[in-house]
Amino acid sequence: MKFAVPLSVAAIILAQPATAKDTRFWNLTSSTVKSLELAPAGTSAFGPNQCANDPDGAVDHDERVKVTGVTTGSYDARLKLANGRVCMAKAVRVETGKPFSIEDKDLVGCAP
């Protein structure tokens, strides 16, 4: 009987459905991103700053951060970089539960 409780707890844990992975932004630009806002492609309906999900409020080069409130689709991204530039990345493909990245070559319309 000693093992009845641990085995029943293990059975409950194993019976739980697997949780979905988080959708993440992977910063492959050469700059630190201080703000990342996403809008459905072709619109200006930008959502909240996703960098707020990072403990220090910024996403360094080669760092990933959890993205919330978006579903699978194509998005325009507005990025504010540590050097003060504001850039866009158009038609970024986001898939729920998977990382998506933005690189320097994706940035357009950068303004000081």
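This is a predicted model: local features need pLDDT of at least 70, side-chain atom pairs count only at pLDDT 80 or more; totals for chains, interfaces and linings use all residues.
**Exercise 1. Classify Cys87, Cys110 and Cys51 as buried, partly exposed or exposed.**

Start with Cys87: its relative accessible area is 1%, so this residue is buried. The cut-offs are under 20% for buried, over 50% for exposed, and partly exposed in between, with a 1.4 Å probe and protein chains only. Next, Cys110 comes out at 33% and is partly exposed. Finally, Cys51 sits at 0%, so buried again.

Numbering runs from 1 along each chain as its sequence is written, and side-chain values use heavy atoms, leaving out hydrogens and water.

**Exercise 2. Find the disulfide and say what it ties together.**

Look for cysteine sulfur atoms within 2.5 Å, which is what defines a disulfide here. Now check the torsion: 120° about the S-S bond makes the link right-handed. Cys87 belongs to strand β5 (86-94) and Cys110 to strand β7 (107-111), so the bond ties parts 23 residues apart in sequence. Strands are DSSP runs of E, at least two residues, numbered from the N terminus.

**Exercise 3. Work out the strand order of the open sheet.**

Count two strands as paired if DSSP finds at least two bridges between them. The 3 strands then line up as β3-β1-β6, with mixed pairing. At the edges, β3 (64-66) and β6 (99-103) each pair on one side only. Zoom in on β1 (24-28): 3 bridges join this strand to β3, running antiparallel. There, Arg24 stands opposite Lys66 of β3.

Terms used: Helices (H or I, at least four residues) and strands (E, at least two) are DSSP runs, numbered from the N terminus.
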